[in-house]
Every structure is written in structure tokens, then in C-alpha cells.
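Please look over the sequence and the model before reading on.

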Amino acid sequence: MGDPDEVLRHLAGLRADRAQARAFAEATGVYADQLLAAGYQALTDEFKDDLFDLEGAVTAVALKIDDEDEARWIVDFLDALQVFDREDAQLRLESVLRECVALNG
């Protein structure tokens with residue numbers, strides 16, 4: 001899938017195809033671990049469509065799971081899974097993953 005238009009068509013199709021959406025969300029690893037899933041859910045609950053920074057993300061997750069060290073690990077791991085869109089030092093949850101999470105809801 002080297003053609004950007006083909007990639008965009010495929011990603012757009014995820015919104016209509018629940019099986020593909022589930023596969024995409026699972027491929028990120030977010031659902032593979034209960035702590036990651038809880039952390040991601042904390043971020044979707046707290047930030048909705050707003051921009052945030054890594055420290056804000058850590059705080060939101062820490063409030064959900066009551067462990068700041070674990071929260072920092074979760075946010076770092078989510079960052080490594082590339083579930084954030086970056087705008088300079090600000091982050092936003094990856095929109096396609098957000099759609100997939102909503103479909104799996």
C-alpha cells in the first residue's frame with residue numbers, strides 16, 4: 001500500500017467495516033493489555049478532541065489507575081505504539097484509532 005490515496009481509502013473503509021476496525025485497533029496493541037486499554041480509555045475520556053501534552057496525559061492516566069509510575073509507562077508505551085498525532089509538543093489521540101475504539105465500544 002504505497003499509494004497515499006489507497007491508504008486513505010483503506011482507512012476510510014475502517015469506519016464502515018467493524019471487523020477491519022477491530023483488527024486495526026487490536027494491531028496497535030491497545031487492547032492486548034488491560035493497563036494499556038485503561039490508559040487509552042482515560043485519555044479518550046479526559047481529552048476528547050482537545051490537544052494535550054505528555055505530562056497532561058500522564059496525569060489523566062494516573063488519576064484513572066492511581067499509580068503515577070505505571071501511568072508514565074502506559075503513556076510512553078502508547079507513544080511507542082504511535083497512537084498520538086503530533087503537533088509540535090502537543091498531542092492528539094490518533095483519529096482512526098479513536099473511530100475504531102468507538103466502533104468496538
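The sections below go from the overall fold to helices, core and charged pairs.

## Basis of the description

The model is predicted, so local features are described only where pLDDT is at least 70 and side-chain atom pairs only at pLDDT 80 or more, whereas totals for chains, interfaces and linings use all residues. Residue numbers start from 1 along each chain as its sequence is written, and side-chain values use heavy atoms, with hydrogens and water left out.

## Overall fold

The protein has six helices and two strands; helices (H or I, at least four residues) and strands (E, at least two) are DSSP runs, numbered from the N terminus. Along the sequence the pattern is α-α-α-α-α-β-β-α.

Of the 105 residues in the protein, 32% are buried. Here buried means under 20% relative accessible area, exposed means over 50%, and partly exposed lies in between (1.4 Å probe, protein chains only). Among contacts with a separation of 6 or more, 55% come from residues 24 or more positions apart, a contact being heavy atoms within 4.5 Å.

Helix 3 has 14 residues and reaches 20 Å from its first C-alpha to its last, close to the 20 Å expected at 1.5 Å a residue; the expected span is 1.5 Å times one less than the number of residues. Its buried residues are L36, G39, Y40, A42, L43, T44 and F47. After helix 3 comes K48, whose phi is positive, near 45°.

Helix 3 and helix 5 pack at an angle of about 85°, with their axes 10 Å apart. That makes helix 3 roughly perpendicular to helix 5. Axes are lines fitted to C-alpha atoms, for helices over the stretch in contact, and angles run from 0 to 180 degrees between N-to-C directions; those under 35 degrees count as roughly parallel, over 145 as roughly antiparallel, 65 to 115 as roughly perpendicular and the rest as oblique. Helix 3 contributes L35, L36, G39, Y40 and L43 to the contact, and helix 5 contributes E70, W73, I74, F77 and L78.

## A closer look at L36

L36 lies in helix 3 and counts as buried, at 2% relative accessibility. Leaving aside neighbours within four places in sequence, L36 is in contact with G29, V30, W73, I74, F77, L78 and L81. The C-alpha atoms of L36 and L78 are separated by 7.3 Å, although these residues are 42 residues apart along the chain.

## Helix 4

Helix 4 (residues 54-65) has twelve residues and spans 16 Å from its first C-alpha to its last, close to the 16 Å expected at 1.5 Å a residue. In this helix A57, V58, A60, V61 and A62 are buried, and its buried residues pack against helix 3 (34-47) and helix 5 (68-80). Just after helix 4, D66 takes a positive phi of about 65°.

## The nonpolar core

In soluble globular proteins, nonpolar side chains tend to be buried together. A nonpolar core is a set of buried Ala, Val, Leu, Ile, Met, Phe, Trp, Tyr and Cys residues joined through side-chain atoms within 4.5 Å. The largest nonpolar core has 22 residues, of which Y40, L43, F52, V61, L78, V83 and F84 touch the most other members. Helix 3, helix 4, helix 5 and strand 2 (90-93) are the elements that give two or more residues to this core.

E94 is in the loop between strand 2 and helix 6 (95-104) and is buried, with a relative accessible area of 18%. Not counting residues up to four places away in sequence, E94 touches Y40, Q82, V83, F84 and D85.

## Salt bridges

The whole structure contains five salt bridges, each a side-chain nitrogen of Lys or Arg within 4 Å of a carboxyl oxygen of Asp or Glu. One of them joins R72 and E55, whose closest N and O atoms are 2.9 Å apart. This pair links distant parts of the chain, with R72 in helix 5 and E55 in helix 4, 17 residues apart. Both count as partly exposed, R72 at 30% relative accessibility and E55 at 45%.

R72 also meets E68 in a salt bridge (3.5 Å, N to O); E68 and R72 both lie in helix 5, four residues apart, about one turn of the helix. Salt bridges that share partners join E55, E68 and R72 into one network. Another salt bridge is formed by the side chains of D79 and R86 (2.4 Å, N to O), and D79 is partly exposed, with a relative accessible area of 22%.
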